[in-house]
Amino acid sequence: MTTTAAPSPAVTPRSLALAHYAARAVLERVLARYGTTFQQAVTLRLLAVAEGPVTRDAVVADAVAALKVPESEIEATLGELIDRGLAGQDGSALRITDAGRELYATTSAETAPISARIYAGIPPEDLAAAGRVLAQIAERANAELAALEAAEQH
């Protein structure tokens with residue numbers, strides 16, 4: 001008897017959301033051990049991967065684009081990072097501190113093996129295809145969001 005593999009389920013908004021929230025819950029569980037929120041971690045990462053100080057406006061713009069939250073929330077998040085000594089500010093430039101770099105390295109090292117287990121066994125060509133599809137979905141969703149925001153301003 002010959003069996004054929006069941007067809008893979010199609011990507012749907014629900015399947016994307018379920019994958020996102022499952023992965024985010026894993027990350028948030030790790031971050032909680034360090035008293036850090038998802039929004040703080042995303043914002044801190046922008047400082048960690050920068051090659052030196054970056055303008056506050058650039059960090060706010062990049063975080064808003066990534067998280068789809070109001071600028072005021074990112075400003076508050078930056079204040080929290082500065083208050084915790086994870087980021088520093090010199091004029092309009094922000095930089096990650098040694099404590100921030102240590103937190104980023106620690107949480108990254110702790111989540112890396114979890115991510116490896118999550119992605120283990122998925123063929124590289126499937127990951128590449130998923131990456132292309134997700135990039136296209138993000139591009140289109142960002143365009144729709146921009147159109148909605150423009151319509152709200154009229």
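Reader: What pattern does the chain follow, read along the sequence?

Author: This is a predicted model, in which local features need pLDDT of at least 70, side-chain atom pairs count only at pLDDT 80 or more, and totals for chains, interfaces and linings use all residues. Residues are numbered from 1 along each chain as its sequence is written, and side-chain values use heavy atoms, with hydrogens and water left out. Helices (H or I, at least four residues) and strands (E, at least two) are DSSP runs, numbered from the N terminus. Read along the sequence, the pattern is α-α-β-α-α-β-β-α-α.

Reader: What share of the residues counts as buried?

Author: Buried means under 20% relative accessible area, exposed over 50%, and partly exposed in between (1.4 Å probe, protein chains only). The chain has 154 residues. The buried share is 21%.

Reader: Where is T77, and is it buried or exposed?

Author: T77 sits in helix α4, residues 71-83. Its relative accessibility is 3%. Because of that value, T77 counts as buried.

Reader: Which residue has a side chain joined to that of T77 by a polar contact?

Author: Contact means heavy atoms within 4.5 Å. Leaving aside neighbours within four places in sequence, T77 is in contact with Q39, Q40 and T43. A polar contact is a pair of N or O atoms within 3.5 Å; within protein, one must be able to donate a hydrogen and the other to accept it, and residues adjacent in sequence count only if both atoms are side-chain atoms. At 3.0 Å, the side-chain partner of T77 is Q39.

Reader: What is the phi of K68?

Author: K68 lies in the loop between α3 (56-67) and α4. With a relative accessible area of 43%, K68 is partly exposed. K68 is not a glycine, yet its phi is positive, at about 60 degrees.

Reader: How many Å apart in space are D62 and Y34?

Author: D62 is in helix α3 and is partly exposed at 44% relative accessibility. In sequence, D62 and Y34 are 28 residues apart. In space, C-alpha to C-alpha, they are apart by 24 Å.
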